[in-house]
Amino acid sequence: MKKLFFFAMTAAVLMGCKSNEPGEGERVIDMLPKTRFIELTQSQKDFVNKNTDFSFNLFRAINQMPEGQKSNIISWQYS
């Protein structure tokens, strides 16, 4: 039964696939939004750096916790 289901799903997926010839539709890379350079002010750069430091410090602290305490990380310091 599992094999029949697998083959039916595979057939359904393959029937839904079609190949695009060059000239049909857009290329995926052309569908992506264009990137642009953003110049940050010094205070914005400081904010980004502090946020990154906080995030990695939090991740490091959670990773170093014993496995039993990780289930409720919100109240871990108040236990």
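What share of the 79 residues in the protein is buried? A few friendly notes on this follow.

1. Buried residues come to 3% of the 79, where buried is under 20% relative accessible area, exposed is over 50% and partly exposed lies in between (1.4 Å probe, protein chains only). Please keep in mind that this is a predicted model, in which local features need pLDDT of at least 70 and side-chain atom pairs count only at pLDDT 80 or more, while totals for chains, interfaces and linings use all residues. Numbering runs from 1 along each chain as its sequence is written, and side-chain values use heavy atoms, with hydrogens and water left out.

2. The protein has three helices and zero strands, in the order α-α-α along the sequence. These are DSSP runs, numbered from the N terminus (helices: H or I, at least four residues; strands: E, at least two).

3. Ile38, Leu40, Phe47 and Val48 make a nonpolar surface patch of about 380 Å² (residues with over 30% relative accessible area and no salt bridge, nonpolar side chains being joined within 5 Å). Ile38 sits in the loop between helix 2 (28-31) and helix 3 (42-64) and is exposed at 53% relative accessibility.

4. Searching the whole structure gives one salt bridge (a side-chain nitrogen of Lys or Arg within 4 Å of a carboxyl oxygen of Asp or Glu). Glu39 and Lys45 form it, with their closest N and O atoms 3.9 Å apart. Glu39 is exposed at 56%, whereas Lys45 is partly exposed at 34%.

Terms used:
Patch = residues over 30% accessible without salt bridge, like charges linked within 9 Å, V, L, I, M, F, W, Y side chains within 5 Å. Areas by Shrake-Rupley, 256 points an atom, 1.4 Å probe, with all protein chains shown as cover.
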